Amino acid sequence: MTLYTVQHHFDLTHLNTMGFSVSAANYVPITSDEVLSAWLMAHDTIKSRSDCFVLGGGSNLVLTRDITGTVLHLQQRGVTVVDENDTHIIVSVAAGEVWHDWVMQSVENGWMGLENLALIPGSVGASPVQNIGAYGVEVKDVLESVKAWDRQAQTWVVLKHDECQFTYRDSVFKQPWLEVDGHPQSRYIITEVRFKLLKDASLWQPKISYGDVAAKLKEMLAGEPITAVDVANAIIAIRRSKLPDPKTLGNAGSFFKNPVIDLKQLEQLKLQYPNIPNYPQTEHLVKVAAGWLIEQSGFKGLRDGAVGVYDKQALVLVHHGGGTGLQLMALARRIQEAVFLKFNIKISSEPIVY
Ligand SMILES: Cc1cc2nc3c(=O)[nH]c(=O)nc-3n(C[C@H](O)[C@H](O)[C@H](O)COP(=O)(O)OP(=O)(O)OC[C@H]3O[C@@H](n4cnc5c(N)ncnc54)[C@H](O)[C@@H]3O)c2cc1C
């Protein structure tokens with residue numbers, strides 16, 4: 001008896017937060033590492049590769065067509081304490097756990113470090129892929145290691161923090177590997193992530209200088225001492241007021257990465273746009289707010305048929321229903337061209353496009 005089940009012509013409309021109506025030729029729910037191993041042993045060997053697509057919560061995807069290969073939908077559950085001392089705790093979390101639920105579980109247990117990453121949609125397994133980040137924190141700041149199936153070596157591996165090659169919205173897990181039937185494949189299938197979190201509240205330094213977090217906490221707490229739960233709740237409130245809920249309006253969060261430009265170019269731009277929001281990265285490089293560039297190019301709130309730009313945040317592209325990923329990508333290209341024409345800055349997209 002095989003451990004796994006395969007469903008054919010499987011509808012993915014409700015498994016991608018953009019809400020694009022596409023299907024998968026084959027769909028396999030992965031409920032344990034054993035199920036994953038069984039499917040891979042049967043279908044993905046060095047001699048005979050399968051075209052497979054690893055799916056988590058579908059919140060960082062633009063699906064422009066049906067998936068012709070096999071969707072492996074990671075659904076493993078489990079949160080296990082593996083080690084602790086007086087100050088820190090190491091917790092192993094299965095890939096299929098919902099990211100936000102894990103964040104809230106951690107802060108409610110008195111473990112600190114993930115509070116700024118509350119309400120990011122998606123799965124724990126995908127969190128290292130683009131090194132998710134928000135409000136001045138990235139997952140790399142608290143990640144200890146990643147367990148994954150390495151399709152190249154055909155074995156289980158544990159990648160320590162430094163081996164994950166984390167940078168801004170990037171990691172080793174995003175690097176191109178081989179293609180099967182013209183589709184890029186993920187080399188690593190992540191099944192577990194280990195986090196190193198702080199237990200000792202006396203060592204905790206809340207990171208609240210980013211955006212409106214400090215002001216929101218002031219409004220919520222009226223001078224009481226701040227806890228990690230408070231920071232998470234403040235960030236949840238801010239995010240709810242700024243970002244569309246995918247349950248009511250299809251989206252994949254920030255659609256474009258903030259571009260990094262040369263300081264000299266910034267100085268030139270400042271002559272014409274003195275208020276251009278920018279964040280120094282190194283002595284010579286500076287990050288510019290992509291949302292501002294898009295807004296200045298006249299796209300905020302624009303609607304183009306079934307797709308558009310969110311009216312409260314120009315960085316977010318939205319799907320109003322009945323549209324396609326191709327329509328969204330056409331709008332994305334229009335925005336990129338307009339921003340380049342106006343500012344001579346290239347903005348690149350953040351979600352994975354299939
Ligand atoms: C409203 C909204 C707000 C958002 N805010 C933020 C934010 O603040 N910061 C941020 O960084 N992101 C944000 N995102 C983007 C998204 O939530 C994250 O990138 C998230 O980590 C994606 O997780 P997922 O499980 O949905 O991944 P999916 O969309 O399912 O997959 C994304 C990519 O990761 C790969 N992948 C997924 N799981 C695995 C696995 N187990 N092993 C190997 N590869 C895998 C997939 O193949 C795909 O290439 C937001 C999205 C939305 C809709």
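Predicted model: local features only at pLDDT ≥ 70, side-chain atom pairs only at ≥ 80, totals over all residues.
Residues are numbered from 1 along each chain as its sequence is written. Local features need pLDDT of at least 70 and side-chain atom pairs count only at pLDDT 80 or more, while totals for chains, interfaces and linings use all residues, and side-chain values use heavy atoms, with hydrogens and water left out.

The sheet comes first. Helices (H or I, at least four residues) and strands (E, at least two) are DSSP runs, numbered from the N terminus, and two strands count as paired if DSSP finds at least two bridges between them. Five strands make up an open sheet with antiparallel pairing, in the order β6-β7-β14-β10-β11. The edges belong to β6 (79-84) and β11 (155-160); each has a single partner strand, so one side of each is left without a neighbour in the sheet. From one strand to the next, the twist averages 20°.

At the β6 end, β6 and β7 (residues 88-94) run antiparallel and share 5 bridges. Threonine 80, for instance, has serine 92 in β7 as its bridge partner. Helix α2 (residues 99-108) packs on the sheet and touches β6, β7 and β14 (188-198), where contact means heavy atoms within 4.5 Å. The direction of α2 makes about 20° with that of β14; for such angles, axes are lines fitted to C-alpha atoms (for helices over the stretch in contact), and values run from 0 to 180 degrees between N-to-C directions.

Strand β10 (residues 143-150) is mostly covered, with 6 of its 8 residues buried. Here buried means under 20% relative accessible area, exposed over 50%, and partly exposed in between (1.4 Å probe, protein chains only). β10 pairs with β14 over 7 antiparallel bridges, and valine 146 has valine 193 of β14 as its bridge partner. Another 6 bridges join β10 to β11, again antiparallel, with aspartate 150 opposite threonine 155 in β11. These two strands form a hairpin with 4 residues between them, and glutamine 154 in the turn has a positive phi of about 55°.

Now for helix α7 (residues 325-343). Its 19 residues reach 27 Å from first C-alpha to last, close to the expected 27 Å, which is 1.5 Å times one less than the number of residues. Buried residues of α7 include Leu328, Leu331, Ile335 and Phe343. The buried residues of α7 fall within an arc of 155° seen down the axis, so they line one face of the helix; the arc is that of the directions from the helix axis to the C-beta atoms. On the other side, Leu326, Glu337 and Leu341 are exposed. Just after α7, asparagine 344 takes a positive phi of about 60°.
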